[in-house]
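Dear colleague,

Please find the structure we discussed below, with the sequence alongside. My notes on it follow.

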Amino acid sequence: MKIVLLLIVSCAAAFAQAGRDAALQLDELIQEALQNNPELRAFDANREAAQARIPQMSSLDDPRFDFEIEEAPRGAPFNTSQWKYVNFGLTQMLPFPGKLAKAKKLAEIDAQHAHHDYAEKTLDIIANVKAAYFELYMIQRGLEVNQENINLMTQFVNIAKIRYAIGQVMNQDVLKANVELARLANAQITLQQQEETVKAMLNVLRNRAPQAPLGQTVLPERGPLSFELEALQRTALAYRPMLHHDSLGVAQSRIANSLARRQYWPDFDLSLKYVASPYDGFRGFTAMAGVSLPFSFWSIKKQRGRVEETAAETRMKEAMVDNTKNMILFAVQDGLAKVQSAQRMLELYRATILPQAEQALQVTLANYQTRQTDFLMLLDSYRMLQMSKMEYYEAEAKYEMSLAELERAVGKKLE
């Protein structure tokens with residue numbers, strides 16, 4: 001049992017030491033994810049496709065070339081000298097003035113939509129990388145704390161064995177210390193599994209193999225941060241791509257409504273034909289013009305329906321803009337509250353909770369060595385310090401996560 005336990009502890013220490021070889025920089029991970037993330041590349045390709053649609057929407061329809069043979073003799077259909085007429089013609093449809101300009105404007109707004117979708121997805125990728133990074137930081141610090149606890153508990157086991165050997169304590173203290181040591185070894189394995197899962201997530205975000213190696217995370221040095229809610233909300237309304245996307249949707253619906261109203265106006269067909277008659281030698285041109293009748297009584301309902309549909313879509317998108325604005329303002333307020341709460345909690349652990357837990361353990365350990373307290377009190381003090389350290393690193397990670405969420409809500413990096 002002891003041999004297996006020592007092997008587990010040794011492996012845990014080896015894994016922890018192997019991960020400390022290289023520092024894992026957050027900015028480098030974000031940059032790599034922005035370059036290689038497949039989902040973001042798909043949004044970028046969609047943006048290029050939307051941009052390429054603009055000249056298509058501003059161009060006329062393809063002209064039509066016609067070749068026509070009239071009155072070819074039934075008995076000699078391939079005798080070209082007997083054909084009465086051979087016609088070559090070119091036909092072009094011309095929409096009513098202004099329709100193409102409106103269609104081009106709609107395509108331009110679609111391209112801007114694609115750009116804002118790409119920008120919003122960029123914010124998502126950055127937020128996901130940061131969330132995974134800070135979660136990995138919390139797990140890796142947990143591995144370090146747990147390894148320190150293993151070393152400390154090993155000392156407790158040795159002290160208990162010495163005191164048991166000289167008859168100062170019962171064997172129960174040694175058994176409890178060994179059970180606690182086994183519990184720590186099991187916790188180390190669990191944390192290592194969690195570490196591998198989060199590393200795989202970071203690798204997938206960077207379009208790498210899930211099992212690609214990653215080093216140790218480090219947090220940036222930060223002093224106390226102070227933000228004003230109104231300033232953050234103004235920044236969010238100015239920078240958040242989602243709000244620009246929805247605002248452009250209102251303009252797009254209004255242009256679509258204007259285009260729908262122009263559908264009441266007719267389009268034109270122009271045709272020019274060259275006519276040749278091998279039969280009698282005639283050569284000449286024929287011109288023809290046609291006009292659509294969108295205001296006919298059997299089609300007028302279709303045009304009216306388009307106008308009503310686009311008007312309703314305009315009202316819907318105006319309401320969506322108001323809703324998006326309210327959601328952004330709330331997200332900023334909620335994010336700032338979380339940052340402030342996490343900052344206060346982190347300061348509390350640094351200034352009060354962690355120092356007191358360390359001091360309590362030192363006092364209890366000294367009392368145990370001088371037989372002024374029992375092993376259970378020592379174990380309680382040790383567990384309190386262990387929990388305080390884990391909660392401290394969790395508070396660090398949550399502070400950074402809440403700051404990343406606030407930046408996501410605002411739409412830009414906060415200096």
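Phe65 is exposed in this predicted model, with a relative accessible area of 56%, where buried means under 20% relative accessible area, exposed over 50%, and partly exposed in between (1.4 Å probe, protein chains only). Phe65 belongs to strand E2. Helices (H or I, at least four residues) and strands (E, at least two) are DSSP runs, numbered from the N terminus. Together with Phe67, Ile69, Phe88 and Leu90, Phe65 makes a nonpolar surface patch of about 500 Å². Strand E2 (64-70) and strand E3 (85-94) are the elements that give two or more residues to this patch, and E2 provides the largest share, three residues. Patches are made of residues with over 30% relative accessible area and no salt bridge; like charges are joined within 9 Å, and nonpolar side chains (Val, Leu, Ile, Met, Phe, Trp, Tyr) within 5 Å. Accessible areas come from the Shrake-Rupley method with a 1.4 Å probe, and for residues only the protein chains shown count as cover.

Two points on conventions. Residues are numbered from 1 along each chain as its sequence is written, and side-chain values use heavy atoms, with hydrogens and water left out. As the model is predicted, local features need pLDDT of at least 70 and side-chain atom pairs count only at pLDDT 80 or more, while totals for chains, interfaces and linings use all residues.

As to the chain overall, the protein has nine helices and six strands. Of its 415 residues, 39% are buried. The chain exposes about 23600 Å², of which carbon and sulfur atoms supply 58%. Among contacts (heavy atoms within 4.5 Å) between residues at least 6 apart in sequence, 81% join residues at least 24 apart.

Salt bridges come next. Side chains of opposite charge can pair when their charged atoms come close. With a salt bridge taken as a side-chain nitrogen of Lys or Arg within 4 Å of a carboxyl oxygen of Asp or Glu, a search of the whole structure finds 20. In one of these, the side chains of Lys121 and Glu39 meet at 3.0 Å, N to O. This pair links distant parts of the chain, since Lys121 is in helix H4 (residues 99-165) and Glu39 is in helix H3 (residues 38-57), 82 residues apart. Lys121 is buried, at 13% relative accessible area, whereas Glu39 is partly exposed at 42%. Both residues also belong to a network of salt bridges that links Glu39, Glu120, Lys121, Asp124, Arg240 and Arg408.

Glu68 is partly exposed, with a relative accessible area of 30%, and Lys273 is partly exposed at 21%. A further salt bridge joins the side chains of Asp66 and Arg64 (3.1 Å, N to O); Arg64 is partly exposed at 47%.

Turning to helix packing, the axes of helix H6 (residues 229-239) and helix H7 (residues 241-262) come within 6 Å and cross at roughly 50°. H6 is therefore oblique to H7. Axes are lines fitted to C-alpha atoms, for helices over the stretch in contact, and angles run from 0 to 180 degrees between N-to-C directions. Angles under 35 degrees count as roughly parallel, over 145 as roughly antiparallel, 65 to 115 as roughly perpendicular and the rest as oblique. Leu237, Ala238 and Tyr239 of H6 meet Pro241, Leu243 and His244 of H7.

Ala236, also in helix H6, is buried at 0% relative accessibility. Not counting residues up to four places away in sequence, Ala236 touches Ile328, Val332, Ala409 and Val410. The C-alpha atoms of Ala236 and Val410 are separated by 4.2 Å, although the two residues are 174 apart along the chain.

Leu94 lies in strand E3 and is partly exposed at 28%. Beyond its neighbours within four places in sequence, Leu94 is in contact with Leu60, Asp267, Phe268 and Leu270.

Finally, Asn207 has a positive phi of about 60° although it is not a glycine. Asn207 sits in the loop between helix H5 (171-205) and strand E4 (216-217) and is partly exposed at 41%.

With kind regards
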